[in-house]
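I opened my notebook for a quick look at a new model. Here is what I looked up, in the order I went through it.

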Amino acid sequence: MRIGELAARAGTTTRTLRYYESRGLLPARRSGNGYRSYDENDLRLLRQIRTLQDFGFDLEETRPFVECLRAGHPEGDSCPASLAVYRRKLGELDALIGQLTGVRDTVARQLERAELARAELAAEAEVPGGPEPVCELGGDPW
């Protein structure tokens, strides 16, 4: 198949395919008339790349999976290098989850503190002669 058909079947653009070719991820075969020529195996490679990118892998991280498929393995993740990329990515994700959990905990504590402060201010405002509630952002009464 030609580049336009491959792009359409893979749900991408010819520009993307040329970029993958320049990065060595997609073979650069030419037919007798000089047109790029692709087959079902190339579509498989493309689908592997796109799936991994959808999962957050950068383009270079897809290389071991592509090479595994090119080596004739039925799945791109059955080679040791692919497994190593999975392990590394899981470590990165675990670290990000830890950071996000820390941020979430901080925001939850800030919210709790702010709600208590607001409740205290509201209670003081109900006392005769107590302070007028003021919005911290604009200075307007509640």
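**Entry 1: overall make-up**

I began with burial: of the 142 residues of the protein chain, 25% count as buried. By buried I mean under 20% relative accessible area, with exposed over 50% and partly exposed in between (1.4 Å probe, protein chains only). A note to myself on the source: this is a predicted model, where local features need pLDDT of at least 70 and side-chain atom pairs count only at pLDDT 80 or more, while totals for chains, interfaces and linings use all residues. Residues are numbered from 1 along each chain as its sequence is written, and side-chain values use heavy atoms, with hydrogens and water left out.

Next I checked the secondary structure and found five helices and zero strands, in the order α-α-α-α-α from the N terminus. Helices (H or I, at least four residues) and strands (E, at least two) are DSSP runs, numbered from the N terminus.

I also looked at contacts, meaning heavy atoms within 4.5 Å. Among those in the protein chain with a separation of 6 or more, 42% join residues 24 or more positions apart.

**Entry 2: the core**

Which residues have the most contacts inside the largest nonpolar core? I found Leu 6, Leu 17, Tyr 20, Leu 25, Leu 26, Leu 46 and Ile 49, in a core of 16 residues. At least two core residues come from each of α1 (3–10), α2 (14–22), α3 (40–54) and α4 (63–70). Such a core is a set of buried Ala, Val, Leu, Ile, Met, Phe, Trp, Tyr and Cys residues joined through side-chain atoms within 4.5 Å.

I then followed Leu 17. Leaving aside neighbours within four places in sequence, Leu 17 is in contact with Ile 3, Leu 6, Ala 7, Thr 12, Leu 26 and Leu 46.

**Entry 3: α1 with α2**

I turned to helix packing, using axes as lines fitted to C-alpha atoms, for helices over the stretch in contact, with angles from 0 to 180 degrees between N-to-C directions. The axes of α1 and α2 are 9 Å apart, at an angle of about 105 degrees, so these helices are roughly perpendicular. My cut-offs: under 35 degrees is roughly parallel, over 145 roughly antiparallel, 65 to 115 roughly perpendicular and the rest oblique.

Ile 3, Gly 4, Leu 6 and Ala 7 of α1 meet Thr 14, Leu 17 and Arg 18 of α2. I sorted the residues of this contact into four nonpolar, two polar and one charged. Here Ala, Val, Leu, Ile, Met, Phe, Trp, Tyr, Cys and Pro count as nonpolar, Asp, Glu, Lys and Arg as charged, and the others, Gly among them, as polar.

**Entry 4: α3 with α4**

For α3 and α4 I noted an angle of about 155 degrees and axes 10 Å apart, which makes α3 roughly antiparallel to α4. Arg 44, Leu 45, Gln 48, Ile 49 and Leu 52 in α3 meet Phe 65, Val 66, Leu 69 and Arg 70 in α4. That contact holds six nonpolar, one polar and two charged residues.

**Entry 5: α4 with α5**

My last stop was helix α5 (residues 80–126), whose axis comes within 8 Å of that of α4 and crosses at roughly 155 degrees. The pair is therefore roughly antiparallel. Pro 64, Phe 65 and Cys 68 in α4 meet Ala 81, Ser 82, Val 85 and Tyr 86 in α5; by class I have six nonpolar, one polar and no charged residues.

Is Ala 81 buried or partly exposed? Ala 81 counts as partly exposed because its relative accessibility is 43%. Ala 81 and Pro 64 are 17 residues apart in sequence and 5.7 Å apart in space, C-alpha to C-alpha.
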